[in-house]
Protein chains: 2
Amino acid sequence: MFAHVNVRPATMPSILGGLTARHANCITSEFHYRKGSEIYGEKEPAEYVYQVVSGAVRSYKLLSDGRRQIGAFHLVGDIFGLENAETHRFTAEAVVDTDVRLIRRMSLERVADSDFALARNLLIMTTSNLQHAEDHMLLLGRKTALERVAAFLLEMDRRLTGVGVVALPMCRRDIADYLGLTLETVSRALSKLHGYGAVDFLGSNQREIMLIDRDQLSRLDN
Amino acid sequence: MFAHVNVRPATMPSILGGLTARHANCITSEFHYRKGSEIYGEKEPAEYVYQVVSGAVRSYKLLSDGRRQIGAFHLVGDIFGLENAETHRFTAEAVVDTDVRLIRRMSLERVADSDFALARNLLIMTTSNLQHAEDHMLLLGRKTALERVAAFLLEMDRRLTGVGVVALPMCRRDIADYLGLTLETVSRALSKLHGYGAVDFLGSNQREIMLIDRDQLSRLDN
DNA sequence: CGCTTTGTTGACACTCGTCAAACTAAGTGG
DNA sequence: CCACTTAGTTTGACGAGTGTCAACAAAGCG
């Protein structure tokens, strides 16, 4: 599984706009997390910022009775765990075996006061997280199950390859908890999309490769 | 339009941490919006940043068929319309007759590069918007109607007075579109909470004053 | 080749949405 | 001042969409 993923550090957007190592005066190192293992927990002190080198990560919140809302998936190249408070607001777990680059975090005050460009990058990244959350609120509050799944496939296609071929790293339950649905509803929506011809499945391994018809999905997505 | 503009010394927490006028080199002025009128539209260029002086504002997104998701309510003292891209990502409307203070916006680049403290304030405000959106995703994705309404009342109490007495400026439809419900479901949830003794209504005017039992509501909220 | 995990599908239940009616409050003009 | 209108709220009846529970199939794995 994921045998062909080859990391090319040189082609990956470098963390914090290429400013980390020399400006933040910190050590960057790589670390491996096995599928399902926790990278950090909600309310833990935020010591590091992370970048996905290979694999995928989910960030989620829990209610007291175990209901889970995944706020975002972090894919290759994405930065996550960026907080300017002292603690993490999500739990982060590896969706599959995942390599991450770690950067020891500085306090926000020192960062923002010491480097204009870095401060701007922090703001840009935070804003892009905010924008994603804003769009996701619309999805969670107002879209139907079919629209959510269509939007999800389009998002993953855009972020993974952008060519209409998607190999999802996450399972149905993860998708469901991202979309505010149950895994059964996600499965049914995918079957329906398959029936419409908007999605085709290649190979019959568990983590199927999907061929998606972006025009058709876009029409469903509003 | 712009008939009542009058410049005033700050009697409330001044915008952008008291740095606007002298640091951002801009004019602050007040303006009045009548109930229901639009302050800015989604995708319009972001020329100003706003602060609520009196009244209340809703920020929302629409789907093509008219479904609406309110992302946030802005109450007295709140700053809104803060974008670092060139355009607004929400439409903003006055919920009731509302006075706002306007500050002409600078481009993000110039702001962040010219003032450390201002850059930090921008980041702090953006982060607090992000945190609200993250919490709201959990509500929209995973909470029941009753839990959403309970959480809403607690949020409004906290932000308006914090003493368990709430006078909501917005109508049932606004609440519904904020919580991802219908107005009927909101009304039923409030009736149920009233039945539980978690909410009491004072006076019988339209915009009732509510007495809320925060302990009881907190138990429902998870 | 069993065993476990993940995904699919069906039957059914239930929450919430839809539609409709009654009611209250507020605004308007004669 | 009072009918009349308009906007907003509440409540009921009903139905649709999604969740729940269960059975089965498929895939991964030792």
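1. A:R172 and A:E208 are joined through their side chains by a salt bridge, with 3.4 Å from N to O; the term denotes a side-chain nitrogen of Lys or Arg within 4 Å of a carboxyl oxygen of Asp or Glu. Because A:R172 belongs to helix 5 of chain A and A:E208 to the loop between strand 10 (199-202) and strand 11 (209-212) of chain A, the pair ties together parts that are 36 residues apart in sequence. Over all chains, the whole structure has 34 salt bridges. Helices (H or I, at least four residues) and strands (E, at least two) are DSSP runs, numbered from the N terminus.

2. On the basis of the work: this is a predicted model, in which local features need pLDDT of at least 70 and side-chain atom pairs count only at pLDDT 80 or more, while totals for chains, interfaces and linings use all residues. Residues are numbered from 1 along each chain as its sequence is written, chains are lettered from A and ligands numbered from 1 in the order in which they are written, and side-chain values use heavy atoms, with hydrogens and water left out.

3. Helix 5 (residues 172-179) of chain A also packs against helix 4 (residues 145-160) of chain A, at an angle of about 110° and with the axes 11 Å apart. Axes are lines fitted to C-alpha atoms, for helices over the stretch in contact, and angles run from 0 to 180 degrees between N-to-C directions. The two helices, helix 4 and helix 5 of chain A, are therefore roughly perpendicular, a label for angles of 65 to 115 degrees. From helix 4 of chain A, the residues A:R148, A:V149, A:F152 and A:E155 meet A:I175, A:Y178 and A:L179 of helix 5.

4. In chain B, the axes of helix 6 and helix 7 (residues 183-196) come within 8 Å and cross at roughly 100°. Helix 6 and helix 7 of chain B are therefore roughly perpendicular to each other. Here B:R172, B:R173, B:I175 and B:A176 of helix 6 meet B:L183, B:V186 and B:L190 of helix 7.

5. How many residues of each chain take part in the contact between chain B and chain A? There are 44 residues of chain B in contact with 44 residues of chain A, contact meaning heavy atoms within 4.5 Å. The area buried between the chains is about 4200 Å², and carbon and sulfur atoms give 63% of it; buried area is the accessible area (1.4 Å probe) that two parts lose on being put together, summed over both. In chain B, the residues losing the most area to chain A are B:F116, B:M137 and B:R142, together 19% of what that side buries.

6. Eight salt bridges are counted between chain B and chain A. In one salt bridge, B:K61 pairs with A:D135, the closest N and O atoms being 3.4 Å apart. On the side of chain B that touches chain A, strand 5 (68-74), helix 3 (108-114), helix 4 (116-142) and helix 6 (172-179) of chain B each give two or more residues. Helix 4 of chain B supplies the largest share of that side, 19 residues.

Note on methods: Angles under 35 degrees count as roughly parallel, over 145 as roughly antiparallel, 65 to 115 as roughly perpendicular and the rest as oblique.
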